Amino acid sequence: MARAHLSRRSKIARPKRRAGAATDLDGLGTVAASIATADFYPRLMQTVARRLEADLAMVMRYSRHSAPDYVAHDDLEPEHMELYRGGLYRVDPVYRLCRNDEPRGVYTLDDVTTPAERSGDYFNIFLALTGMADDLVVLFPGPAGTSIGLAYERKTPFRPAEVARLRQIFPLLEGLQAAHERLMLAKLASLERSPDKPIRIVDHRGRGVFESKSWQRALIDHPGAAARLSALDGEAPASLELAAGLVLHAEPLDAGFALAPNGRLLMLETADDGLPPLDYGQATSRFLEDRLTPRERDIVGLMLLGYPTLKVAERLGLSVNTVKNHKKRLYAKLDITTERELFLNFVSHLFGQR
């Protein structure tokens, strides 16, 4: 959930608070009407955001093999999104959760962080940098082993009653999302022009009924993948690396999928840009360890958490002037002049750590 500091001011329209669980269903009719259209996720995101009176909202796609993608968002800067995808996602606990599990449901900040993380400074300060106090995410299973997350942040804590109401209507939200994904697959499969995604649909006998042009391109670009695919003899596990950097996903289609009842969806995913999650404490301790002194790294660590010079001095038991002198020296060593440049260096460090 390490995304709040990457946004500009929210533009979500918030209604006045109204009592009663029935208000949680307001707007879902419009969401249902947008199933299988490009408006579905933005409308779902905004409908839930209004009920939560969220200050920030986005829809994320998480994969076990690739970096997260933004599906929809509330007015985020492109530069900020690139910073997140460039490495900051590695310290996002939701990314870690989706890499290690197949989560579904409503998760609060407490649900996705460890006791050690919650007792430390990172999450308390990180959200507070822009006045955010709390964070929650609604996670749905997506196609080809992915997870779709509706992520919300707010300047005031989410109350237990709000979270409980959201969990009550989660089955309805999940039903809408599942219907959308199923119909989108059918829509893609019926297109005369091939979709961008490399997908193949086979019937229950394993015979191909649809194949995108990008499917063949992906096999050509990865030598050996086609031979290994043929060797599966029509059967494929849920996830399999066909070749270096190319992962095959397979999932069953239900009897209601008219194009191939009880068939299977096969999807190819390039798996070369998703790095494993990284503990924030370890990342900061390794950052510039070969270029700065231990004291300078202590100061940098607190600066990255958003501490002003006075607070850095208090935390380290130093005078303000001593901290300022340390900052001047470390800036000179790194050939930078601003904290923004330091932050960008840290993002590059996250992307390079394995």
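**Note on the predicted model**

F40 is buried, with 0% relative accessible area.

1. **F40 and its partner.** Y41 is buried as well, at 7% relative accessibility. What is the geometry of the pair formed by the rings of F40 and Y41? By the rule that ring centres must lie within 6.5 Å, the count comes to six aromatic pairs. In the pair of F40 and Y41 the centres are 5.0 Å apart and the planes stand at 70°, so the arrangement is edge-to-face; the cut-off for that class is an angle over 60 degrees.

2. **The tyrosine pair.** The rings of Y89 and Y95 have centres 4.9 Å apart and planes at 85°, so this pair is also edge-to-face. Both Y89 and Y95 are buried.

3. **Overall content.** The protein chain contains 16 helices and ten strands. It has 354 residues, of which 49% count as buried. Its accessible surface is about 17,100 Å², and carbon and sulfur atoms supply 52% of that area. Among contacts with a separation of 6 or more, 63% are between residues 24 or more positions apart.

4. **Nonpolar cores.** Which residues have the most contacts inside the largest nonpolar core? They are Y62 and L342, in a core of 48 residues.

5. **The five-stranded sheet.** Five strands form an open sheet in the order β2-β1-β5-β4-β3, and their pairing is antiparallel. Strands β2 (69–73) and β3 (105–108) are the edges, each pairing on one side only. From one strand to the next, the twist averages 25°. In general, strands of a sheet pair through backbone hydrogen bonds, in parallel or antiparallel fashion.

6. **Strands β1 and β2.** Strand β1 covers residues 56–62 and is joined to β2 by four bridges, the two running antiparallel. Within this pairing, M58 of β1 stands opposite H73 in β2.

7. **Helices against the sheet.** Helix α3 (residues 78–85) lies across β1 and β2, and runs at about 145° to β2. Helix α8 (residues 160–168) packs on the sheet and touches β3, β4 (134–141) and β5 (147–154). The direction of α8 makes about 160° with that of β3.

8. **Strand β9 and its neighbours.** Is strand β9 mostly covered or mostly uncovered? Strand β9 (residues 246–252) is mostly covered, with five of its seven residues buried. On one pairing, β8 (residues 239–243) meets β9 in the antiparallel sense over four bridges, and S239 stands opposite H249 in β9. Seven bridges join β9 to β10 (residues 264–270), again antiparallel, and here V247 stands opposite E269 in β10.

9. **The turn between β8 and β9.** This hairpin has two residues between its strands, and G245 takes a positive phi near 85° there.

10. A36 has a phi near 70°, a positive value in a residue other than glycine. A36 sits in the loop between α1 (28–33) and α2 (40–52), and counts as buried at 13% relative accessible area. E53 is not a glycine either, and its phi is positive at about 55°. The position of E53 is in the loop between α2 and β1. E53 has a relative accessible area of 16% and therefore counts as buried, since the cut-off is under 20%.

11. L88 belongs to the loop between α3 and α4 (93–100). Buried or exposed: which is L88? At 4% relative accessibility, L88 is buried. In sequence, L88 and V347 are 259 residues apart, but their C-alpha atoms are 6.2 Å apart in space.

Notes. Residues numbered from 1 in each chain as written. Predicted model: local features only at pLDDT ≥ 70, side-chain atom pairs only at ≥ 80, totals over all residues. Heavy atoms only, no water. Phe/Tyr/Trp six-rings, centres within 6.5 Å; stacked < 30°, edge-to-face > 60°. Buried < 20%, exposed > 50% of the residue type's maximum accessible area, 1.4 Å probe, protein only. Core = buried A, V, L, I, M, F, W, Y, C linked by side-chain atoms within 4.5 Å. Pairing = 2+ DSSP bridges. Contact = heavy atoms within 4.5 Å. Areas by Shrake-Rupley, 256 points an atom, 1.4 Å probe, with all protein chains shown as cover. Axes fitted to C-alpha atoms, helices over the stretch in contact; angles between N-to-C directions.
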